[in-house]
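Please read it alongside the sequence and the coordinates.

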Amino acid sequence: MPRRLLLALAAIPLLPLAAAAQAPRPAAPAAPAASPAAKPADPAFEAARAAFEARPEAERKAVQDALVWAGDYTSVTSGAFGRRTFESLAAWQRQNGLDPSGILDDRARARLLAAGQAGRQAVQFTLQTDAATGITLGVPERLLPKRGRSPNGSRWQSADGRVTLDTKAFAPGETDLDALFEKAAAATPERKVTYKLKKPDFVVVTGETAQGKFYIRYAAASAGIRGFTLAYDKASARDLDRLVIAVANSFVPFPIEAPAVAAAPAPRPAPAASAAPLAPLATGLAVGPKRLVTAAAALGACPAPLVGGAPARVVRQEAGLALLETDRVLRPVPLMAAPAVPAAGEDVVVLGAGREGGPSVAPGAMGAGGVLAPLQPGAAGAPVLDRAGRLVGLVAQWPAQPRLVAGVMPPMTHPLAGIAALRGLLGAEGSALAASAEAAPKSTGAIAASVAGAVVAVQCRP
């Protein structure tokens, strides 16, 4: 496996593989009636559960997914609060110097989501619909760059062939879950089964061979049987065990059948408040409770910018940057400036405004003409930080007509507005942006988490 990719994976906090947690567990038997000797409720757990369950379901799932990547959560991202969620939240808080209460305030939640996004970004984990099988699942594209067909499905593989993700689909009557389970769960002297679960509509089997580990899952429905197998070298298990959990949680075997289940009366028109959020026009970096900086070029065709749905006004522009003021309360964070622009080829981290609320974290490198990174639309104005987490500058411009390769934005060189330009724009306010000699490298997740709360999306009123 490429050394650079292993280093990226190693930057993400590790967690042990709990194979049994990668599939829904059998329902626990009903608890016996309470008695005087019953164990009293844990007030800390109950308080954390109440706070967690008060959030929208999508947000609860997002927190659990972030814990898969940034903490030690090894269960299903269902949005339901249980002991594993509580313990994982507390452990993550403890590791990050926070009160291990299991309750996240807005700042801590932003840090956790940013760290999870950084973990996904490190392996370019993207949801894909496999044309050969119809399955939707997450694929770590940076880890598995080779793709081709396999019997009954598709195959993604690492460059060295030591990691393989196979999808499979069988037509109705071609086989059944019993036969697939019997084959997958067969143990031999060379093949040890470490976990197996058989339910009426799905099966899960995990195990080991002398050199590798594997995870097998199949699901059955009226359209047939669909599943996947993820196999990898034991030498890479420390880095790849979390991917088993992430891929298993992303697995949707029959995505097309889901809408048909509830197809009854025609849906009512959605109210205006539930309309899809506007795509980011640019990225803003909060420099005060109601002030932010972004790329001036991104505002050229937008007479009415918005920040979090609130109107924003341009205070001044200078050296490719624009200072905006808004009625929305922002969350600036203390920032230290890099004493100099990193040399060409040195690694940096770029935090752009994401479409789902949290930042989009992109690893990059300094180039002769700016920062080389695979940035997404809306990244103009995104802060660029060196490996010590110090601010290098802001992305000054995103190409008006980007060149996509197979529908994906490749790494491109983007011009950079440096620290001098930022200080000039901020004037007296810029004096707080002091240069730091601290050069200890940090993980991508730690860098992203330290700045995530100050990164906001700038949108344009339609």
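Two strands are said to pair if DSSP finds at least two bridges between them, and the elements themselves are DSSP runs numbered from the N terminus, with helices (H or I) of at least four residues and strands (E) of at least two. The model is a predicted one, in which local features need pLDDT of at least 70 and side-chain atom pairs count only at pLDDT 80 or more, whereas totals for chains, interfaces and linings use all residues. Residues are numbered from 1 along each chain as its sequence is written, and side-chain values use heavy atoms, with hydrogens and water left out.

**Overall content**

The protein chain contains 10 helices and 22 strands. Of its 462 residues, 48% count as buried, where buried means under 20% relative accessible area, exposed means over 50% and partly exposed lies in between, with a 1.4 Å probe and protein chains only. Among the contacts (heavy atoms within 4.5 Å) in the protein chain with a separation of 6 or more, 59% come from residues 24 or more positions apart.

Six strands close into a barrel in the order 10-11-14-13-12-22, with antiparallel pairing. Neighbouring strands of this sheet are turned by 45° against each other on average, direction ignored; axes here are lines fitted to C-alpha atoms, for helices over the stretch in contact, and angles run from 0 to 180 degrees between N-to-C directions.

Strand 10 (residues 282-288) is mostly covered, since six of its seven residues are buried. With strand 22 (residues 455-460), strand 10 runs antiparallel and is joined by four bridges, and within that pairing V456 is the bridge partner of G284. Strand 10 also pairs with strand 11 (residues 291-295), again in the antiparallel sense, over three bridges, and a hairpin joins the two through two residues. In this pairing G288 stands opposite R291, while A286 has L292 as its bridge partner. Helix 9 (residues 419-426) lies across strand 10, strand 11, strand 13 (310-318) and strand 14 (321-326), running at about 45° to strand 14.

An open sheet of seven strands has the order 3-4-5-9-8-7-6, with antiparallel pairing. Strand 3 (146-150) and strand 6 (191-198) stand at the edges with a single partner strand each, so one side of each is left without a neighbour in the sheet.

R226 lies in strand 9 and is buried, with a relative accessible area of 17%. The side chain of R226 reaches the backbone oxygen of T133 at 3.2 Å. Leaving aside residues up to four places away in sequence, R226 touches a set of residues including T133, K168, R217, Y218, F251 and F254. R217 in turn lies over the face of F202, at 5.2 Å from the ring centre, by the criterion that NZ of Lys or CZ of Arg is within 6 Å of the ring centre and within 35 degrees of the ring normal.

**Aromatic pairs**

A search of the whole structure finds eight aromatic pairs, in which rings of Phe, Tyr and Trp (its six-membered ring) have centres within 6.5 Å, and planes under 30 degrees apart count as stacked, over 60 as edge-to-face and the rest as tilted. Two of them share F45 and are set out below.

| Pair | Centre distance | Plane angle | Class |
|---|---|---|---|
| F45 and F81 | 5.3 Å | 45° | tilted |
| F45 and F86 | 5.5 Å | 80° | edge-to-face |

F45 lies in helix 2 (residues 43-53) and F81 in the loop between helix 3 (57-70) and helix 4 (83-95), so their pair ties together parts that are 36 residues apart in sequence. F45 counts as buried at 10% relative accessibility, and F81 counts as buried at 10%. The pair of F45 with F86, which lies in helix 4, links parts of the chain 41 residues apart, and F86 is buried, as is F45. Ring pairs link F45, F52, F81 and F86 into a cluster.

Note on methods: Polar contact = N/O pair within 3.5 Å; in protein donor to acceptor, adjacent residues only side chain to side chain.
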